[in-house]
Amino acid sequence: IEACRRILELNPEDRPVRHWLARRLARLERLDEAIEHWEWLRERKHPGVMVYGSLASAYALRGQPEKSVEVSQEYIERFPDRPAGYRWLALALIWVGKLDEALDAILKEEALSPGNPRFHWERWRIAILREEWEEADAASREKEAWRPLAFVRLYHGESERALELLGRDENAEEDPSAVARNEAALVLLARGELAPALEKARAAHNIGHGRSPEWEGIFLESLALATLGRMEEARQAAEKLLARTASMPTEKEKRRHHHLLGDLALIEGDAGTAVRELEKAFSMLLPGHSEHRVLIGYSLASAYLASGDHDKAAQWFQEFADSGYEHVFFPIRYVRSFYFLGKIHEERGDMDQAREYYQRFFDYWKNGDLDHERIEEVRSKLS
């Protein structure tokens, strides 16, 4: 970052360096600084779609998704024949919940680049949010996109099949996926298979060194160790995460550390500490809706439930259940939120509302291999 700034002092017109700098700042969640550089490029009519797309993403994370749509539309007005502009517009429209308009933008992109082999995450996201499972399944199969296909299976509670699909990405000869290993670790934790989960998380940590999967791998390694009862090793992993954050000029990974401490306290049965650490992590979030918001929110809901504060637990589970694009990649937590909402409303005596939540939970996972005891419990209550 400092090297880029020195270059720009010598030559403010070095646009590739300015964009490169902005992207690193954005990755560190220093959005105001990043936006300033991208707006400089925007004012000078920079022709690169990545400048506009990155600026749109930054505004969404800053809690201004309507500006994301505005930036994307401006690019299309300048370059109506470039398909990538419609892709960014589709994503911006998904962020604001305008799924029909987002799909129209995708169709325009496809019309401009027929036969493009890239996998359309945007089309897949829309299908997931609409719960059009066959469409999501078909989109994944068409491009042999194993991770999204695994997510579709998890919305049906088919964890065994999801692990098989993730394994295809994990073991790709050219690019073994650390991300897929972390996803597999999450599934294994949900299945209660803790030793294999620990193995996957450590592999992701090693393969993803220096990149985001490393941080997630350490996080999941610590959780697996704690759940196995190896709490001292879990704390050592948490300290490793803290040590790695010390040299990072951002709050982002420090927030992950507080999130981890909250989850570890919850595993130990210390709900008070869990709530404090998770509230601290939540206070460090960017103002916009994001995947981090629902992840920390789910942990907060679990901590409040453990502390006996069912009103606050319901509030956080409800936020997850009502979320849009933020929950797409977290099917296990999303589906389980309906079970916990059903339990809370049942304890309140609100049986109609409880049945509604239980029914949603049951409809997702009734034919799957996850949470057998809960499924049978809910089956009995619904009948």
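**Helical architecture, cores and selected residues of a predicted model**

L305 is found in helix 18, which covers residues 291-307. Helices here are DSSP runs of H or I with at least four residues, strands are E runs of at least two, and both are numbered from the N terminus. The model is predicted: local features need pLDDT of at least 70, side-chain atom pairs count only at pLDDT 80 or more, and totals for chains, interfaces and linings use all residues. Residues are numbered from 1 along each chain as its sequence is written, and side-chain values use heavy atoms, with hydrogens and water left out.

L305 counts as partly exposed, at 24% relative accessibility. The classes are buried (under 20% relative accessible area), exposed (over 50%) and partly exposed (in between), with a 1.4 Å probe and protein chains only. Leaving aside neighbours within four places in sequence, L305 is in contact with H310, A313, F317, F340 and I344. Contact means heavy atoms within 4.5 Å. E233 lies 72 residues from L305 along the chain, and the two C-alpha atoms are separated by 27 Å.

The overall fold was examined next. The secondary structure of the protein chain comes to 22 helices and 0 strands. The chain is as compact as a globular protein of its length, because its radius of gyration of 22 Å is close to the 21 Å that the globule rule gives for 383 residues. That radius is taken over C-alpha atoms, and the rule is 2.2 Å times the number of residues to the power 0.38. Along its principal axes, the C-alpha trace spans about 65 × 45 × 45 Å. Of the 383 residues, 52% count as buried. Among contacts between residues at least 6 apart in sequence, 53% join residues at least 24 apart.

The surface and charges were also computed. The protein chain exposes about 17600 Å², and carbon and sulfur atoms supply 49% of this area. Accessible areas come from the Shrake-Rupley method with a 1.4 Å probe; for residues, only the protein chains shown count as cover. The chain carries 55 positive and 69 negative charges, and their mean positions are 4 Å apart. Lys and Arg count as positive, Asp and Glu as negative; His and the chain ends are not counted. Each charge is placed at NZ of Lys, CZ of Arg, CG of Asp or CD of Glu.

In soluble globular proteins, nonpolar side chains tend to be buried together. The largest nonpolar core in this model has 67 residues. Such a core is a set of buried Ala, Val, Leu, Ile, Met, Phe, Trp, Tyr and Cys residues joined through side-chain atoms within 4.5 Å. W124, I128, F317, F361, Y364 and W365 have the most contacts inside the largest core. Beyond its neighbours within four places in sequence, I128 is in contact with W133, A136, V152, Y155 and V328. A second, separate core has 43 residues and includes A26, I35, Y86 and I126.

Two further helical residues are buried. L41 lies in helix 3, residues 31-43. Its relative accessible area is 0%, so L41 is buried. Not counting residues up to four places away in sequence, L41 touches R15, R18, H19, H46 and V51. L41 and V51 are 10 residues apart in sequence, and 7.5 Å apart C-alpha to C-alpha. R123 lies in helix 8, residues 121-129. R123 is buried, with a relative accessible area of 19%. Residues up to four places away in sequence aside, R123 touches L103, I106, L107, E110 and E135. L107 is 16 residues from R123 along the chain, with their C-alpha atoms separated by 9.3 Å.

Positive phi values were found in two loops. E29 lies in the loop between helix 2 (15-27) and helix 3. Phi of E29 is near 65 degrees, a positive value in a residue other than glycine. At 16% relative accessibility, E29 counts as buried. Neighbours within four places in sequence aside, E29 is in contact with K252, R255, L286 and H292. E29 and H327 are 298 residues apart in sequence and 20 Å apart in space, C-alpha to C-alpha. K45 sits in the loop between helix 3 and helix 4 (49-61). K45 is not a glycine, yet has a positive phi of about 60 degrees. Its relative accessibility is 48%, so K45 counts as partly exposed.
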